[in-house]
Amino acid sequence: MTPQGPRWGRKRFVIPALLVAAFLGVGIGASGGAAEDEDGGEPSAAPTATVTATVTAAPEPEPEPEPTVTETVTVTATVTAPPVADPGGDDGGGGGDDAGGGGEDPPDAPETAYYENCAAARAAGAAPVLAGDPGYGRHLDRDGDGVACE
């Protein structure tokens, strides 16, 4: 009887060696590194024709700008001051009890002005209107900071 060990031992080395050789052969053949003509000369390079088609899209024309429409609005506001009444009279005499300084409005007499909107305040030359000034209104102060028609 012959022992089974040596035959199996040869197969363990021979089959993997054959597989490695096959992979190397396939790799060399696929790379084309050792390919030569049958004449034994240098490898020949065959010319190839390449056709390239290039399509260029026509540029789109730019749209014409739309005409600018300008509307001019003329605002005319006439502000007339009411006649100031002279509280001390117009006699020109110097009575001693006149503490106002002669002919001036008393300090507590309020000036009154009302502007419907900021355009009217600008037309009157009063813009910007500060809080406490005649003509100031909350409807003219958008951000509530005390300065209207800014």
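Visitor: How many disulfides does this predicted model contain, and what makes the pair of cysteine 118 and cysteine 149 a disulfide?

Guide: The count comes to one disulfide. The sulfur atoms of cysteine 118 and cysteine 149 are 2.2 Å apart. A disulfide requires two cysteine sulfur atoms within 2.5 Å, so this pair qualifies.

Visitor: Which handedness does the link of cysteine 118 and cysteine 149 have?

Guide: The link is left-handed, with -90° about the S-S bond.

Visitor: Which parts does this pair tie together?

Guide: Cysteine 118 belongs to helix 2 (residues 118-123), whereas cysteine 149 belongs to the segment after strand 2 (147-148). The pair therefore joins parts that are 31 residues apart in sequence.

Visitor: Are cysteine 118 and cysteine 149 buried or exposed?

Guide: Both cysteine 118 and cysteine 149 are buried. They also belong to the largest nonpolar core, which has seven residues: Tyr115, Cys118, Ala121, Val129, Leu140, Ala148 and Cys149. Leaving aside residues up to four places away in sequence, cysteine 118 touches Leu140 and Cys149.

Visitor: Why is alanine 148 called buried?

Guide: Alanine 148, a residue of strand 2, has a relative accessibility of 0%. Buried means under 20% relative accessible area, so alanine 148 is counted as such.

Visitor: Which residues does alanine 148 touch, not counting residues up to four places away in sequence?

Guide: Alanine 148 touches Pro128, Val129, Tyr136, Gly137, Leu140 and Asp141.

Visitor: Why is valine 14 called partly exposed?

Guide: The relative accessible area of valine 14 is 44%. Buried residues have under 20% and exposed residues over 50%, so valine 14 falls in between and is partly exposed. Valine 14 is located in helix 1 (residues 5-31).

Visitor: What does the protein look like as a whole, in helices, strands and buried residues?

Guide: The protein has two helices and two strands, which run α-α-β-β from the N terminus on. Of its 150 residues, 8% count as buried. The accessible surface of the protein comes to about 13600 Å², and 57% of this surface belongs to carbon and sulfur atoms.

Conventions. Residues are numbered from 1 along each chain as its sequence is written. This is a predicted model: local features need pLDDT of at least 70, side-chain atom pairs count only at pLDDT 80 or more; totals for chains, interfaces and linings use all residues. Side-chain values use heavy atoms; hydrogens and water are left out. Helices (H or I, at least four residues) and strands (E, at least two) are DSSP runs, numbered from the N terminus. Buried means under 20% relative accessible area, exposed over 50%, partly exposed in between (1.4 Å probe, protein chains only). A nonpolar core is a set of buried Ala, Val, Leu, Ile, Met, Phe, Trp, Tyr and Cys residues joined through side-chain atoms within 4.5 Å. Contact means heavy atoms within 4.5 Å. Accessible areas come from the Shrake-Rupley method with a 1.4 Å probe; for residues, only the protein chains shown count as cover.
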